[in-house]
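Hi everyone, thanks for coming. Have the sequence and the model ready on your screens, and I'll walk you through a few spots.

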Amino acid sequence: MSAPLPATNSSGYNTPDSELESIVPVHPTAVRRPNYITVQSENTVYTDDHITAKYLNRGADVVVSDGQFTILPTVKPYEFQTTRKVGKTGLMMIGLGGNNGSTLCATIIANRHQMAWHTKEGIQQPNYIGSVLRASTVRIGTEPSTGKEVHVPISDVLPMVHPNDLVLGGWDISGLPMDKAMERAKVLDYDLQRQVKPHMALLGRPLPSIYYPDFIAANQEARADNAHLEHIRADIRRFKAENQLDRVVVFWTANTERYSDIIPGVNDTADNVLAAIKTSHSEVSPSTLFAVAAILEGEPFVNGAPQNTFVPGVIALAEREKSFIGGDDLKSGQTKLKSVLAEFLVNAGIKPLSIASYNHLGNNDGHNLSAEPQFKSKEISKSSVVDDMVDANRLLYKPPVPGAKGKAAKGEHPDHIVVIKYVPAVGDSKRAIDEYYSEIFCGGRQTINIFNECEDSLLATPLILDLTILTELLTRVKYRGEGQTEFAPLHSVLSLLSYMCKAPLVKPGTDVVNSLGRQRNALESFLKACVGLEGNSDLLLETRIW
């Protein structure tokens with residue numbers, strides 16, 4: 001794949017003329033702001049190479065005895081060290097020629113060259129709206145003279161790669177050239193496609209990917225024309241060398257696979273999963289092969305689909321190789337809203353009795369999910385989103401019964417169903433309908449119905465950027481605890497990616513947090529800790545006292 005074209009006000013010699021280029025200013029979400037924040041504190045030290053910050057991790061140990069809770073506050077000191085130089089970063093997507101992959105490439109090119117385009121609503125400029133890192137802000141303090149809160153873009157808290165600078169490449173089961181893949185996706189306005197098409201053509205064809213009909217729906221066979229598993233690691237090395245990259249993020253944005261069975265001796269340990277790959281065991285999925293290839297190359301891998309790519313052996317391999325992994329499944333619409341609304345109801349003391357979710361869409365994702373094994377992967381991913389909120393409130397829901405089996409072993413839980421249907425006519429415009437049926441005061445009932453229509457790929461694409469940019473940043477952050485002399489990398493499982501994922505992958509032995517508010521708070525607090533700022537506090541004590 002080619003290196004990114006230089007960012008200028010011209011679309012290039014072979015781009016159709018546009019009288020709109022450079023007329024509109026760069027959108028605020030795409031503006032560059034180097035070295036925007038400086039923290040003046042004895043806890044924060046800046047050098048040419050690093051930002052080093054001291055942080056006190058405050059918590060509490062709780063002992064329960066005879067129904068009484070004894071709480072012991074704890075404080076553990078840490079230091080974070082962030083490398084300031086943002087290396088040249090490549091993004092290799094599996095599913096490069098799909099709706100998400102082609103849309104991401106085209107919109108990055110549009111942003112690089114400030115391609116404005118006509119729509120029936122008027123002139124549209126390129127932007128990164130929908131990106132948490134580029135289009136949302138974080139509170140960093142108050143302005144002394146006015147007492148007003150000060151907010152800055154999240155991307156300005158620490159040095160992060162600009163999406164325009166990503167070098168793009170990857171694989172696909174279809175060898176269709178990228179300009180044709182964009183046309184096939186039918187996501188972007190025609191006038192934008194017209195301008196960006198020559199640049200997409202320069203990206204060429206995706207590299208050959210892997211198609212196992214047993215894992216991806218058989219209805220995808222017509223798109224598949226490549227199978228070169230043995231070349232994956234070589235592809236990563238060659239892409240990195242040819243583009244002189246410091247880091248490559250490998251990202252699965254291809255079709256949903258069926259769930260892999262966890263089989264002792266096959267995929268339960270690092271050595272077993274490597275042996276299973278050598279013998280081409282039938283229970284090794286394509287996404288697992290790509291994850292293992294990235295891990296062995298020392299490059300991070302992110303799974304943007306719901307299947308269990310990270311079987312126990314893959315997680316163990318990542319830990320052994322000190323490589324980074326994250327996922328699972330992009331959280332863009334219905335599930336993101338569910339993680340907010342379910343938490344709101346439970347925290348308000350209202351008891352959801354059932355949550356029924358219906359979807360229909362017509363893009364290739366919907367086509368693939370029309371096969372039952374692939375739908376099951378998505379159903380599992382979507383269905384677990386309210387579990388931690390229910391577990392946190394045993395006033396409303398009965399706790400698990402020790403030694404019980406079935407539903408009683410899990411404890412009381414809302415009835416939760418998910419339906420996904422393929423309707424070709426609606427294309428990339430997904431419809432989602434949710435009903436929340438809840439118990440309220442003294443036997444009353446409340447029903448909330450929500451209808452959500454969204455362009456699926458235009459919600460998902462900014463999340464791919466966020467996950468890529470955040471993953472690259474986290475590879476540059478190290479920490480040390482009290483008594484440690486050397487800084488060490490973060491744990492291999494990047495659970496800070498949870499905000500963008502339906503089924504967050506977490507460090508083995510730790511609880512999954514699905515609450516969107518808690519996930520966002522964790523991300524903000526971590527970034528602020530890396531520059532020596534306290535975590536988020538809505539106490540606003542100065543407004544409560546004389």
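Let's begin with what pairing means: two strands pair if DSSP finds at least two bridges between them. Strands (E, at least two residues) and helices (H or I, at least four) are DSSP runs, numbered from the N terminus. Two quick notes on where this comes from. This is a predicted model, where local features need pLDDT of at least 70 and side-chain atom pairs count only at pLDDT 80 or more, while totals for chains, interfaces and linings use all residues. Residues are numbered from 1 along each chain as its sequence is written, and side-chain values use heavy atoms, with hydrogens and water left out.

Strand 11 (residues 247-252) and strand 12 (residues 301-303) run parallel and are joined by three bridges; W252, for example, has N303 in strand 12 as its bridge partner. Angles here run from 0 to 180 degrees between N-to-C directions, and axes are lines fitted to C-alpha atoms, for helices over the stretch in contact. Contact means heavy atoms within 4.5 Å.

Next, a helix pair. Two packed helices are described by the angle between their axes and the distance between the axes. For helix 3 (residues 178-185) and helix 4 (residues 190-202), that's about 140°, with the axes 7 Å apart. On the helix 3 side we have M178, D179, K180, M182 and E183, and they meet Q193, V196, K197, M200 and A201 in helix 4.

So, is M182 buried or exposed? M182 counts as buried, because its relative accessibility is 2% and buried means under 20% relative accessible area, exposed over 50%, partly exposed in between (1.4 Å probe, protein chains only). Leaving aside neighbours within four places in sequence, M182 is in contact with several residues, including S102, A106 and L188. M182 and A201 are 19 residues apart in sequence, and 9.9 Å apart in space, C-alpha to C-alpha.
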